[in-house]
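Trainee: I've got a model open and would like to learn how to read it. Can we go through it together?

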Amino acid sequence: MSHFLSEKECIISTSLKLVQDGILMTTGGNLSTRTSDGDNFAITPSNTDYTKMKPEDICICDFKGEQLEGRLRPSVESGMHAAIYHVRTDVHAIIHTHQIYSSTLALIDKAIPALFDEQVRFLGRDVKVIPYAPSGTGMLRDKIARNVRDHANAYLMKNHGALVFGTDMARAVLNVKLLEKCAITYLLALSTGEKVTKIPMWVREIAVQKLRKDQKRAEEDHKE
């Protein structure tokens, strides 16, 4: 029996919720969570209907991307997830989606500036666009690893989709929804042709300090 049943069940229940909320569609995207021992991660299998996944389908991989458990092949982006966990010890859950409004901004290479207090508090100073690389490749893995060291929790992947982190899976899900709210609001604001305002710099810095406090706590948990 697997020692990581709770992590596998977390992946399944979260996937179903994101499907019901219209965030995950068909077999696109992938999600993962660190295992309780901190040495591995559980991740969705490749090209599998989220509504039909069973615990034995969920894959356990190490941080080299090697599969340790699971009757199906892990997501083609498992190497990307491994690289993120390696460079971001504060990250305990990763969700990659093709959600519509965030993906629209990724297509037009438009980063989301600091629009709202809540956005900066949980997602970071801004939501930048990571340059394109083909899915499932070492090129994408390395490009992501280089670009996520700035402690943000949400990124747009050019011509691909969204990449969101959390100190736990519940926070990652909230961050996914917050990102989509910011994306649709920003697109609507841009469509007016009017100037889009940002929150003041001093408010931004206070919000970022609170975000980093959460992340440092998660980093300490990882060391224990």
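**Reading the fold and its opening helix**

Mentor: The protein chain has seven helices and eight strands; helices (H or I, at least four residues) and strands (E, at least two) are DSSP runs, numbered from the N terminus. This is a predicted model, where local features need pLDDT of at least 70, side-chain atom pairs count only at pLDDT 80 or more, and totals for chains, interfaces and linings use all residues. Residues are numbered from 1 along each chain as its sequence is written, and side-chain values use heavy atoms, leaving out hydrogens and water.

Trainee: What span does α1 reach from its first C-alpha to its last?

Mentor: The expected span is 1.5 Å times one less than the number of residues. Helix α1 (residues 5–20) has 16 residues and reaches 23 Å, close to the expected 22 Å.

Trainee: Which residues of α1 are buried?

Mentor: Some background: an α-helix has 3.6 residues a turn, so residues three or four places apart point the same way. Buried means under 20% relative accessible area, exposed over 50%, partly exposed in between (1.4 Å probe, protein chains only). Here the buried ones are Glu7, Lys8, Ile11, Ile12, Thr14, Ser15 and Leu18.

Trainee: And what covers the buried residues of α1?

Mentor: The cover includes strands β1 (30–34), β2 (40–43), β3 (59–62), β4 (67–69) and β5 (93–97), plus helix α6 (169–191). Contact means heavy atoms within 4.5 Å.

Trainee: How much of the whole chain is buried?

Mentor: Of its 224 residues, 51% count as buried.
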